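Subject: Structure for your files

Hello,

Here is the structure you will be working with. My notes on what was found in it follow below.

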Amino acid sequence: MTQVKAPRGTQDMLPADAHKWETIETTLLNLAKCYGYSELRTPVFESTELFERGVGDATDVVQKEMYTFEDKGGRSITLRPEGTAGAVRAAVEHSLLNDALPLKLCYLTSCYRYEKPQAGRLREFHQFGVECFGTGEPIADAQLIVFARRLFDCFSLHDIRLEINSIGCPQCRKTYHAALREYFNAHKAALCRTCNERLEKNPMRILDCKSPECQKIAAGAPSILDYLCEDCAAHFERVKTYLDSSDIPYTVNPRIVRGLDYYTKTVFEFVCDDIGAQGTVLGGGRYDGLVEELGGKPLPALGFAMGLERLLLLLEAKGFCFAPPAKPAVYFCTLGEKARALALSLCDELQLDGYGAELDLMGRSLKAQMKYANKLGALFTVVIGDDDIAGGILNVKNMQSGEVTQAPLDAFSETFENLVLQQTILEDFGVEDNG
Ligand code: ATP
Ligand code: MG
């Protein structure tokens, strides 16, 4: 039979990497909690309409990248390409926005986009996202950006670049769009086919085109910053002042427009040069029109999303030291049937108390069991034979020091837990136990 392979653009998360993902996810969620965010989980699929309206039907995501299908009931369904639209839908649907504001939500989700797979670009990928609803104050933009910076600091990624911009409100964009159309019309012939389509519908998208030819032309385009209305310009100034007073370094990049249509005013990206062409690890901004667009009351909001595969690529490129996966505290080697039954219940008792405990499940010889215990890196081993059971005493061997401690069978777990405690104290104080 031929083997079935994983679909193109997907990745299996293998056990050898599980501890890395666990470290990443707990670190992100723990800091999010300190910044006041609560976790939200929404369905993997939503009505297609949610993304057409929420992400914008002139975007690449909606036009080219969505996994859309009809279900057996004839509904158009889409696998979520991003997390914001679903979060807004859930907040509106469950009236979460009627409570005291701001409402701060965060999520770890898988996302689906039909893109050309390459390093840092997958068809199934994962995002850590946060959304803050209800405030239009520039201090909220600043705190969101500070929070994003601190997430990178948690992983010692201090030199990742922060680029910020303001893309104004629909008001300032009217005049800006006209200026962009005039500029790009003069270069129409050199723009790619998609950008020619963008020219009428949404000329700002051209600034985000990945084609080198279009990028070259975009470099000379008018800057949005020259077209901001008074209110948007003042908002941007205050965001920058707060970042300055928080000692958060940034550069203003007027070319950042972000890939999704719903952004207004502040947008930002955290970018690195260490993981190839897909260097944007985190992107976000303000989306003051989205809640209303999706059927809620008019309510300002802002958020960001971080690509976790790109974060992991970056951590690996930088040689980040993940804590190694936990090793079992004890391995029970067994000789005979009685010993097996005893090891099974001792393991159970220790496991319930929170210790990693293993016993032979393969019917191996004693020698092979010892070899396996070594391979697992168990802290302690206990060999159980009929004599040990009859004598009521088990010998617990510390695999690092070789020291053997006798543990009475009727108080085994207490004795064992003390031994682990002693070992931990020795390690915490960096003491080498040389016997
Ligand atoms: P890009 O310009 O790289 O296509 P984007 O603007 O489409 O990114 P967003 O929609 O803002 O990306 O998503 C936020 C983050 O999610 C990105 O900064 C990136 O880290 C990650 N991301 C987006 N698309 C993918 C993908 N196909 N594979 C892996 N990560 C992705
Ligand atoms: Mg994209």
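Of the 435 residues in the chain, 46% count as buried. Please keep in mind that this is a predicted model, and that the values below are computed from it.

Overall build

The chain's secondary structure amounts to 15 helices and 16 strands. Its radius of gyration is 28 Å, well over the 22 Å that the globule rule gives for 435 residues, so the chain is more spread out than a compact globule.

The domain assignment divides the chain into domain 1, made of 15-169 + 229-317, and domain 2, which covers 330-421.

Contacts, surface and charge

If we take contacts between residues at least 6 apart in sequence, 69% of them join residues at least 24 apart. The chain exposes about 22100 Å², and 52% of that area is supplied by carbon and sulfur atoms. As for charge, there are 46 positive and 61 negative side chains. The centres of these two sets lie 8 Å apart.

Backbone points to look at

- Leu101 and Pro102 are joined by a cis peptide bond, with omega at about 5°. Pro102 sits in the loop that runs between helix H4 (84-93) and strand E5 (103-112).
- Ser156 is not a glycine, yet it has a positive phi of about 60°. Its location is the loop between helix H5 (138-154) and strand E7 (161-166).
- Lys265, also a residue other than glycine, has a positive phi near 55°. Lys265 belongs to strand E9 (residues 264-271). With a relative accessible area of 12%, Lys265 is under the 20% cut-off and therefore counts as buried.

Individual side chains and loops

Is Lys20 buried or exposed? Its relative accessibility is 17%, so Lys20 counts as buried. Lys20 is part of helix H1 (residues 15-34). Leaving aside residues up to four places away in sequence, Lys20 touches Leu312, Glu316 and Phe322.

Where is Asn202? Asn202 is in the loop between helix H7 (193-201) and helix H8 (212-218). Asn202 has a relative accessible area of 10%, which makes it a buried residue. In sequence Asn202 and His177 are 25 residues apart, while their C-alpha atoms are 7.7 Å apart in space.

Ser401 lies in the loop between strand E15 (393-398) and strand E16 (404-408). Its relative accessible area is 31%, so Ser401 is partly exposed. Ser401 and Phe380 are 21 residues apart along the chain, and 9.9 Å separates their C-alpha atoms.

Regards

Note on methods:
Residues are numbered from 1 along each chain as its sequence is written. Chains are lettered from A and ligands numbered from 1 in the order in which they are written. This is a predicted model: local features need pLDDT of at least 70, side-chain atom pairs count only at pLDDT 80 or more; totals for chains, interfaces and linings use all residues. Side-chain values use heavy atoms; hydrogens and water are left out. Helices (H or I, at least four residues) and strands (E, at least two) are DSSP runs, numbered from the N terminus. The radius of gyration is taken over C-alpha atoms; the globule rule is 2.2 Å times the number of residues to the power 0.38. Buried means under 20% relative accessible area, exposed over 50%, partly exposed in between (1.4 Å probe, protein chains only). Contact means heavy atoms within 4.5 Å. Accessible areas come from the Shrake-Rupley method with a 1.4 Å probe; for residues, only the protein chains shown count as cover. Lys and Arg count as positive and Asp and Glu as negative; His and the chain ends are not counted. The place of a charge is taken as NZ of Lys, CZ of Arg, CG of Asp or CD of Glu. Domain bounds come from an automatic or database domain assignment.
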